[in-house]
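Hello,

Here is the structure I promised to pass on. Please have a look, and read my notes below when you have a moment.

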Number of protein chains: 4
Amino acid sequence: MQGDIRCAAIGLGRLGYWHAENLHTKIKSAKLVKVASSRAETAERAARELGVEAWTTNPDDVFTDPDIDAVILSTPTDTHARFLKTAALHGKHIFVEKPIAKSVEEGRELVRLVEETGITCQVGFMRRFDPAYAEAKKRINAGDIGRPIYFKGVSRDPVSPPEAYIKHSGGIFLDLAVHDFDMARYLMGSEVRSVRSMGSIQLHAFMGEYGDVDQALTYLNFESGAAGDVESSRNAGYGYDIRGEVVGTEGTLQIGSLRHHDLRILGPKGSSHDIIPEFATKFKDAFLLEMTHFIDCLRHGQKPSCTAIDGLRALEIAQAAADAFLSKEETRVL
Amino acid sequence: MQGDIRCAAIGLGRLGYWHAENLHTKIKSAKLVKVASSRAETAERAARELGVEAWTTNPDDVFTDPDIDAVILSTPTDTHARFLKTAALHGKHIFVEKPIAKSVEEGRELVRLVEETGITCQVGFMRRFDPAYAEAKKRINAGDIGRPIYFKGVSRDPVSPPEAYIKHSGGIFLDLAVHDFDMARYLMGSEVRSVRSMGSIQLHAFMGEYGDVDQALTYLNFESGAAGDVESSRNAGYGYDIRGEVVGTEGTLQIGSLRHHDLRILGPKGSSHDIIPEFATKFKDAFLLEMTHFIDCLRHGQKPSCTAIDGLRALEIAQAAADAFLSKEETRVL
Amino acid sequence: MQGDIRCAAIGLGRLGYWHAENLHTKIKSAKLVKVASSRAETAERAARELGVEAWTTNPDDVFTDPDIDAVILSTPTDTHARFLKTAALHGKHIFVEKPIAKSVEEGRELVRLVEETGITCQVGFMRRFDPAYAEAKKRINAGDIGRPIYFKGVSRDPVSPPEAYIKHSGGIFLDLAVHDFDMARYLMGSEVRSVRSMGSIQLHAFMGEYGDVDQALTYLNFESGAAGDVESSRNAGYGYDIRGEVVGTEGTLQIGSLRHHDLRILGPKGSSHDIIPEFATKFKDAFLLEMTHFIDCLRHGQKPSCTAIDGLRALEIAQAAADAFLSKEETRVL
Amino acid sequence: MQGDIRCAAIGLGRLGYWHAENLHTKIKSAKLVKVASSRAETAERAARELGVEAWTTNPDDVFTDPDIDAVILSTPTDTHARFLKTAALHGKHIFVEKPIAKSVEEGRELVRLVEETGITCQVGFMRRFDPAYAEAKKRINAGDIGRPIYFKGVSRDPVSPPEAYIKHSGGIFLDLAVHDFDMARYLMGSEVRSVRSMGSIQLHAFMGEYGDVDQALTYLNFESGAAGDVESSRNAGYGYDIRGEVVGTEGTLQIGSLRHHDLRILGPKGSSHDIIPEFATKFKDAFLLEMTHFIDCLRHGQKPSCTAIDGLRALEIAQAAADAFLSKEETRVL
């Protein structure tokens with residue numbers, strides 16, 4: 001594409017606003033020309049704050065606007081399928097937040113549609129763009145730990161999202177563990193064959209109503225023969241605790257620490273440093289890098305490194321994990 | 001007891017020899033008077049190297065010797081029951097390596113016998129004496145992390161024991177994970193109610209013959225409602241990797257690092273420090289402290305902090321985990 | 001100022017090019033309209049690579065261009081005075097690399113000129129914009145370590161600049177230690193009253209010809225009564241090693257680690273992580289933040305947080321340190 | 001020597017008591033047979049607590065006792081010369097706390113006397129026995145960091161000793177920095193040729209009366225051409241902060257952290273671990289190891305790895321540092 005990429009953002013919740021801001025203030029070759037939210041007040045305020053020309057409450061105003069090249073989709077999961085279809089029909093390129101769809105069936109249809117229409121579609125697995133994870137991938141590929149035999153992931157949120165969100169979130173496996181499932185495939189270089197899942201409610205009784213838990217564990221068997229586990233939690237009041245590890249035949253590689261600022265204070269009560277409080281701080285660079293990658297791909301007509309198919313594969317694992325939790329049985333990822 | 005405690009050591013494998021050496025060279029109020037091994041050569045050499053007066057290949061020489069107060073038992077698990085019974089009958093106090101017995105039934109009988117005869121019996125859960133774990137227990141009890149809601153344990157051995165050992169080891173849950181199961185009870189302050197277990201063979205095909213695996217994961221449900229997981233591995237070529245974590249409502253407590261010497265070297269290839277190579281280095285202090293505790297208990301007529309019942313409880317969890325691995329079902333700890 | 005700030009970059013060495021690139025590709029409210037270098041080839045290539053309209057080998061083309069608002073000056077120190085004067089006369093705002101001038105006298109004249117002409121002048125002490133240093137300042141101001149009583153700075157370069165650079169660098173105190181002297185004033189909240197300096201040549205014999213050393217130590221006495229030391233080195237082949245510490249009456253605050261990517265690999269030879277290789281990696285964010293701050297100050301008519309006077313103060317300390325090194329005596333900072 | 005080494009301890013302050021306790025309770029081949037203190041109450045209590053047969057307030061009771069092989073001397077520095085002479089005359093072996101004497105002249109005389117009488121004399125530079133320092137020496141000798149070019153030492157005490165002690169301590173260079181001077185020689189493998197010293201009083205005004213300071217910095221020039229610096233402080237309220245570093249041509253080696261227990265707690269206020277509070281905790285193992293080494297040397301008729309000459313060399317550097325502080329000039333170590 002020539003000139004700036006003209007973008008619109010649909011969905012202006014916390015993450016959506018952020019994507020919009022990154023596009024508008026930090027990526028020189030992109031131009032944010034429209035913002036959309038189901039709530040007029042939200043759309044109007046975002047447009048004003050960011051200095052964007054147009055806002056709307058009607059997503060169709062975005063999809064039918066011939067002046068728009070690409071759409072950033074940060075709406076609830078159950079709207080993804082509809083918006084992605086409309087976008088594909090109008091030839092808009094799409095950056096879509098994970099999970100790509102609310103069911104595997106929907107996800108498969110979307111992948112087909114993306115392939116048929118030839119639009120560019122990137123899924124928001126920002127961890128792939130985090131410098132530590134990216135370096136990890138490089139080191140593993142270079143053989144620094146030998147052949148990968150075990151994956152270990154931990155994702156602990158400092159607080160649970162509110163009940164209103166949990167209700168539509170698809171549950172802890174689809175909403176939270178899906179990031180680790182993507183990392184598992186990515187870093188191990190193998191698809192997941194089957195899963196077993198366990199979980200419990202520790203602090204959020206209301207989750208029981210929605211068949212959800214605030215603490216889960218998934219055991220992974222990979223096609224390669226390797227194994228792994230993913231711990232997920234909504235109960236980490238102390239901070240945003242994301243860890244990754246790949247054990248290989250020649251060593252183990254551990255990704256991530258919780259340290260926020262690169263300083264520590266030593267006093268009579270001990271040595272302390274601050275902890276990354278939430279995802280926005282942890283993955284600040286990654287969010288900007290993934291959006292820059294999306295824009296670069298559009299400019300140079302290249303395929304993103306993280307496509308709709310990656311979105312689908314992670315969803316398939318997450319769905320199998322959710323099923324396994326209910327059935328208490330080992331469940332194949334299909 | 002008055003004067004030095006007169007001890008004998010039965011079983012002079014690596015750990016047994018070590019206990020003997022600690023007793024003989026580092027604990028002033030103990031005296032090692034006899035060593036025993038099924039192999040004459042081993043017993044003779046240990047006696048010579050340590051400067052101990054007597055050695056034997058017949059354990060009964062130890063149990064019937066009126067001059068001996070206490071016996072350190074580091075023999076294969078399947079001999080524990082027989083030796084413990086003989087010791088109890090002759091009124092010898094016992095320090096016994098974990099697991100206390102090769103089956104829960106045997107373990108229960110031994111606990112009864114210990115209670116009936118009134119002998120002092122301490123089980124070799126040395127982690128309880130490691131300064132980091134001991135401090136962790138103190139901090140948890142002090143409420144520093146609120147109410148415990150999740151336990152996370154990792155025990156990775158740098159190499160697998162040889163096939164001859166694996167054959168009689170009782171499997172990874174009884175032989176290795178049992179340490180984490182003890183820590184789980186100890187640090188969480190609650191018994192384990194049920195378990196689910198998974199595992200795989202990554203590097204040691206021969207384990208398949210014995211129904212064993214070189215990589216396992218156990219999910220724990222505690223009586224208190226808390227949950228947890230324990231990862232066990234024989235595949236950590238990089239070092240002896242023992243980690244423990246207790247997540248509480250007010251924070252999380254992480255125990256252990258792999259750093260060996262307190263120094264690091266920075267060169268053109270990065271910053272590096274050495275890793276604790278094996279259990280003997282990691283728990284050097286703990287092994288001495290547990291033996292000192294045993295001798296102190298005998299001298300002052302006190303009950304050890306880690307008794308036959310603790311040995312039994314950890315064995316019950318380990319057995320349930322082994323059963324759960326076979327049945328692929330959630331298994332109650334009885 | 002309205003609209004984009006129109007900038008020119010003079011001096012396109014490594015750091016100069018970088019500033020130009022940051023301005024051009026990452027700061028949306030700035031526009032780089034001209035680049036200048038004494039070497040045509042360098043200027044032409046930079047213009048082409050960055051997509052800048054105009055280039056020149058004549059700095060006066062920049063200063064007399066009515067279409068330019070601000071100039072980024074990354075030329076050798078001995079040209080600063082002349083260019084700053086010309087800039088001030090033509091009312092161009094200036095971002096100038098440290099040290100602000102090659103002598104204290106020159107520096108004072110420049111400060112006067114800046115004040116008289118009212119131009120905005122920011123000095124390139126990027127450490128102030130590094131998130132760790134900025135947070136350190138905040139924590140110290142909040143009283144987290146009590147009253148500051150000792151400052152400790154280490155700046156070790158992985159390699160020496162080439163002889164051609166060293167010759168005109170002003171020596172290790174003006175060229176390298178000046179960053180720590182700025183941090184000393186900034187973090188301790190007190191001016192430096194006197195200094196003593198020592199040094200030696202370890203690896204770069206050629207430095208002797210220029211009265212320079214590749215290893216130096218400066219002891220600082222502050223107006224407040226506090227003390228401190230600054231170690232400077234050109235010999236750290238292992239990486240770019242920048243450390244800062246402020247000891248207070250209630251604790252100590254340590255800034256900085258050498259860790260590059262947030263991951264580590266554990267193998268049979270130990271645990272290792274990579275090290276920040278050079279200043280560009282270490283202060284990537286800080287370089288962008290300081291330039292963003294400069295542009296923001298111009299847009300909103302505000303004074304930078306790091307002005308010509310700060311440049312002068314640090315230079316005064318550095319000059320006193322250089323004098324003290326020669327005289328071997330305690331030297332007042334005037 | 002045959003049988004247990006029969007020892008007496010003179011001086012039962014904190015460190016003296018500790019040495020006595022280590023000897024008596026942890027070193028099987030040693031026997032503590034007498035304790036002496038100038039205060040009857042102190043001697044009597046120590047004898048009672050440790051279960052030692054005899055106590056005295058008269059050191060001559062120790063030196064003339066034919067039943068005593070070796071004496072542990074932990075008395076004030078200004079008594080060392082007298083007691084060492086008496087010991088040598090009576091053929092008693094000596095373990096003496098640092099500094100070996102209160103003046104270089106005295107120190108030299110003592111070294112002569114030790115050589116003439118052939119007694120075994122070990123000086124209490126326990127850092128040499130600390131596992132981290134010992135490993136550092138090994139790694140440096142193995143060439144892991146190339147040729148050493150810079151030494152960096154920090155010793156910060158959490159509190160100042162009381163005025164009564166400071167008065168007779170010989171000042172911060174002889175009392176505190178002397179440990180770093182020994183490490184400097186030891187790790188750099190080169191003698192110190194000249195020093196420059198600086199210092200200030202931050203928190204303890206009373207020190208001015210004794211010409212002492214609570215914060216000092218010494219710059220070192222080695223015979224090898226290498227350089228270094230040693231920071232000393234009495235003001236580290238946050239803990240016992242001992243650091244060592246040797247920069248070499250191929251890398252740098254850093255010794256020591258302040259972490260006490262190997263655990264950390266993460267809560268809403270950040271991540272924290274406890275800090276080593278004082279020397280006794282930091283060097284617990286080293287104190288036992290140095291005493292074990294002393295006893296082993298006596299048993300096997302070997303020379304200690306840390307002799308009176310090492311004590312003298314460190315004292316010479318310390319004295320030169322103290323002189324340099326007064327003269328403000330570079331001072332040769334003679």
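Domain bounds here come from an automatic or database domain assignment. For chain A, that assignment gives domain 1 (5-126 + 286-304) and domain 2 (128-283 + 314-332). This is a predicted model, in which local features need pLDDT of at least 70 and side-chain atom pairs count only at pLDDT 80 or more, while totals for chains, interfaces and linings use all residues. Residues are numbered from 1 along each chain as its sequence is written, chains are lettered from A and ligands numbered from 1 in the order in which they are written, and side-chain values use heavy atoms, with hydrogens and water left out.

The C-alpha centres of domain 1 and domain 2 of chain A lie 26 Å apart. Between them, the two domains of chain A bury about 1800 Å², 67% of it on carbon and sulfur atoms (accessible area, 1.4 Å probe, that two parts lose on being put together, summed over both). In contact (heavy atoms within 4.5 Å) are 22 residues of domain 1 of chain A and 18 residues of domain 2 of chain A. The rule finds three salt bridges across this interface (a side-chain nitrogen of Lys or Arg within 4 Å of a carboxyl oxygen of Asp or Glu).

Chain B has an open sheet of six strands in the order 3-2-1-4-5-6, with parallel pairing. Strands are DSSP runs of E, at least two residues, numbered from the N terminus, and two of them pair if DSSP finds at least two bridges between them. The edge strands of chain B are strand 3 (54-56) and strand 6 (121-123).

Best wishes

Notes:
Helices (H or I, at least four residues) and strands (E, at least two) are DSSP runs, numbered from the N terminus.
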